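Welcome! Please take a moment with the sequence and the 3D view before reading on.

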Amino acid sequence: MKFNKENFGWIFLCFGLLVLLAIAIYLGVSGWFFKNDASFTTDLELGKTVSTTISKNQASTISLTFDGSYLAGEKLPQIISVTNVDESSNIYLRAKVVVSSGSGTNPDMDIVSTINWTYNESDGYYYFNDLLSVDARATLCSYVIIGDGNYISQNRYILTFIFESLSSSEDVQSLWGINPIQNV
């Protein structure tokens, strides 16, 4: 085959297809390797504050992923807080902690809540003991504790903190079934 103007298009096309084939093979092999790699990274920012914002009559969540390699009873420093961004209203606040996995199981997880929160076993929520004023921040927990659930080290888990709020003008007793402020 001679290199002339008539064959240049075919040579260029063959060379381009060869390069694309090499890239496809490389990405296919490396993608297979990373897909089957059992070492995961986590979204838990141990020791750092992870914060969300909330306004009256809303819900807000924080979700963090982690692998199942932590030991049962291990206490991980994870600070979770929420800020009231409503411009005019103090709010009632409650939070729930949920762990889920791809297999649908809900392994056990606990938190070390700050002194401003009270846990209600009947509904599984943590209730803030005061009205959260405008532009104020409340820290829910300083540690998460891995429970005795069946964590599998190769699996990924999602730790979700769900915050719900009600305006201070709402009837919190009828809506939530509990008044978190005992002296009102």
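Here is a short tour, from the overall layout to single residues.

This is a predicted model, in which local features need pLDDT of at least 70 and side-chain atom pairs count only at pLDDT 80 or more, while totals for chains, interfaces and linings use all residues. Residues are numbered from 1 along each chain as its sequence is written, and side-chain values use heavy atoms, leaving out hydrogens and water.

**Layout and confidence**

The protein has 2 helices and 9 strands, where helices (H or I, at least four residues) and strands (E, at least two) are DSSP runs numbered from the N terminus. Along the sequence they follow the pattern α-β-β-β-β-β-β-β-β-β-α. The average pLDDT, the predictor's confidence in each residue from 0 to 100, is 80, and 84% of the residues score at least 70. Over residues 32–41 pLDDT stays under 50. Where pLDDT is low, the predicted coordinates should not be read in detail.

| Element | Mean pLDDT |
|---|---|
| Helix 1, lowest | 72 |
| Strand 7 (residues 125–128), highest | 93 |

**The inside**

Of the 184 residues, 35% are buried, meaning under 20% relative accessible area, with exposed over 50% and partly exposed in between (1.4 Å probe, protein chains only). A nonpolar core is a set of buried Ala, Val, Leu, Ile, Met, Phe, Trp, Tyr and Cys residues joined through side-chain atoms within 4.5 Å. The largest one has 31 residues, and those touching the most other members include Phe66, Trp117 and Phe161. Strands that each supply at least two residues of this core include strand 1 (49–54), strand 4 (91–101) and strand 9 (156–167). A second, separate core of 7 residues includes Tyr125, Tyr127, Leu166 and Trp176.

Pro180 lies in the segment after helix 2 (172–176). Pro180 counts as buried because its relative accessible area is 5%. Beyond its neighbours within four places in sequence, Pro180 is in contact (heavy atoms within 4.5 Å) with Tyr92, Tyr127, Phe128, Asn129 and Val172. Pro180 and Tyr92 are 88 residues apart along the chain, yet their C-alpha atoms are separated by 7.9 Å.

The protein exposes about 11300 Å², of which carbon and sulfur atoms supply 56%; accessible areas come from the Shrake-Rupley method with a 1.4 Å probe, and for residues only the protein chains shown count as cover. Val19 is found in helix 1 (residues 8–35). Is Val19 buried or partly exposed? Val19 counts as partly exposed because its relative accessibility is 35%.
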